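Please describe, for a reader used to working from coordinates, how the parts of this model meet, with the cut-offs behind each term stated.

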Amino acid sequence: MQDTDQPERESTASPYAAAQPWLSVDYTEAAEGDLLTNDAAVEESAVGKSGAPGQDRLVIGVQGLLRPIAILNRLPQSATPDREPQPDEPRTAAPSSPTADELRRLRQTLNAEPSIAAFDLAPLSGRLPPLRIAWVFWLIGLAIATPILLSFNRPMGRATEWPGVAEAYIAIDNLSINADVLVYWAYDPATSGEMDLVALPIVRHLIDRRCRLIVVSPLPNGPAVARRLFTRAVADAQTSSVGSPGAGQSLFIDGGYLPGGASVLPLVGQDLPAALSPEARANYIGPPDLAIVLGAQAEDVQAWLEQVQPLNLLPVVAVVSAGADPMARPYLDSGQLRGLVSGFDGAASYWRLSGEALSPPEDALMRGQLVYQNWGAFALLLVLLLGNLAALSTRRSDP
Amino acid sequence: MTSLELTTSSALDSIGLWVGLAISLTLLSLIVRDNPFARLAQHILVGAALGYAAILVVRQLLAPRLFAPLLEDPGANPWLLAPLVLGLLLWAAGGERLIRTRSTTGADGGWRRLLQMLGAAPVALMLGVTIGVGVTGALQGTLLPQFVYAADFGFDPLASGSQILVGLLTLLITSGALIHLFADAEGLVAQQPGWVRSALAAWLWLGKRGLWLAAGFVFARLMASRFSLLIGRVEYLMYTVSQSTLWQWAESIWQAFFG
């Protein structure tokens, strides 16, 4: 916008000062009746250490943002009460208060991103390499799908033994036979592709100890996922060479869905039977001996440690996805978690510690994970390497 | 099970396999481009999840814990009227906002304003409880225990040299990262005397690199997690195709052409 009644000013440093003179650093308008002088005077008063007006101002370029308000509030010179209208000056009616539509446009203007008028965009120097994200997805997808389709069994390697897995195993192994374990099942079918893999060895271990699992879930379909995995673990236990005779569905107690997110967890800590479903409440014997948190996200573990554990003081073992491991590990280091099992490598380490012979499906599952994860990691390293080489070559070609 | 039940069960299993295969493939097609089939699959996924949750809430929560006790004996559990009234207010206010047409002239009617004001009460209650629970939990479950652990670890007079070094590095990297994130690092350094400037710059340099290292670690574990999900999905697709007749058709076509 250009104020036509403002005198022309020579542009000093700004290329668009002619179009918007108030953006010039030495703008000192004092024209009579111009309400914008208020803004310019305020800006001029912000003199920095160098003494030059406006050179060290903290915020620049806001004058234009104030213009819509100034324009709307500007009264025509004939309407000022202390100035008599000249005989040849046309009489103009006093402006009415802005309408709802004008206010809406004003709000839209103020909330919109500022645009620079009459500014020529200079072309980018050098050529940036295109970011071909779809190619990255295809490469990684093929690197994982091809070994699966062609049934590769190498390279397998050995899963990393993260701290916390042995402690989790000891915590569960030290439970007495027929102990009650409170399980906070915080994952659903969306993440069951990984979490079932991580939770299976823990559930098998609990079945072998004949522990009763009181399962509560903050997700509506959490109890169904829990029951499905428990059924699978019981079936695998009965078909493996070292099975647990007599294990059955009686070990699974569905505590139900807990609505309200973290807000309901203090009730679980203070009065567990009140939080359980009526069927679970009927089977409730006494306080459990251990709490296990199965969560795809670290926030589930955090919520339990913040809301429940300080109230019931139960030892907690966390079983999380690999992505949640970095955020959950400080709680293991501080002693709030008794054990931590995370990701496919945590599951593999847990199986190794248990010493149990896996059923053929379980064995194929774990071996496959180790092999295909390696292929995926190779593809990712290749993408990182190629990306860095492309960035280096682009940087060299820049003038 | 009778033969009809077995047949129906196997037919439903086959239908489920085909539907799962189709939806999985349409969702994976998002890698190529957003398309109507992928959007349809997303709508089906969200709709099914919400429908399941709604039925579960009604059958396992509202019916046995709210409606049944009130219908049996309202006088025995009068406090149950509070969540019922608050829930109805919220439903009424939200429903009125959904179905009413915005009028361009004039203000809302008096009863609409009253309904909106009353509907704000359960929202305010939920927000207040959530915030209170969250803040209390953060203090008692994260801030205090982590601070106590860090203080114990860093200021143990009987710690070995390596432990002291680890504690010092942890303190330097953590504080450097915090300053780098929440302060104007360059401005902060520029305002200092010369002899402080280099030390401060080194401290901020360490914090920045610590952030990079942490981000790299988080990214690596996240990729492992996503690989697990992808592996599980590909294996499911292979299993589904092998269970369906698609695989047999493909095999017969292959044998017809290549023997």
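What area do domain 1 of chain B and domain 2 of chain B bury between them, and what percentage of it lies on carbon and sulfur atoms? The two domains bury about 710 Å² between them, 84% of it on carbon and sulfur atoms, where buried area is the accessible area (1.4 Å probe) that two parts lose on being put together, summed over both. B:Leu17, B:Trp18 and B:Leu21 supply 67% of the area that domain 1 of chain B buries against domain 2 of chain B, more than any other three residues.

This is a predicted model, in which local features need pLDDT of at least 70 and side-chain atom pairs count only at pLDDT 80 or more, while totals for chains, interfaces and linings use all residues. Residues are numbered from 1 along each chain as its sequence is written, chains are lettered from A and ligands numbered from 1 in the order in which they are written, and side-chain values use heavy atoms, with hydrogens and water left out.

The domain assignment of chain B gives domain 1 (1–76) and domain 2 (155–259), with bounds that come from an automatic or database domain assignment. Their centres, taken over C-alpha atoms, are separated by 35 Å. The two interfaces are set out below; contact means heavy atoms within 4.5 Å.

| Interface | Residues in contact | Buried area |
|---|---|---|
| Chain B with chain A | 37 residues of chain B, 52 residues of chain A | about 3,600 Å² |
| Domain 1 with domain 2 of chain B | eight residues of domain 1, 10 residues of domain 2 | about 710 Å² |

Of the area buried between chain B and chain A, carbon and sulfur atoms give 66%. B:Arg221, B:Phe227 and B:Ile231 supply 18% of the area that chain B buries against chain A, more than any other three residues. B:Arg221 also forms a salt bridge with A:Asp345, the closest N and O atoms being 3.0 Å apart, under a rule that asks for a side-chain nitrogen of Lys or Arg within 4 Å of a carboxyl oxygen of Asp or Glu. That rule finds one salt bridge across the interface of chain B and chain A, and the count between domain 1 and domain 2 of chain B is zero.

On the side of chain B that touches chain A, the largest share, 16 residues, comes from helix 7 of chain B, helices being DSSP runs (H or I, at least four residues) numbered from the N terminus.

Conventions. Helix = DSSP H or I, 4+ residues; strand = E, 2+ residues; numbered from the N terminus.
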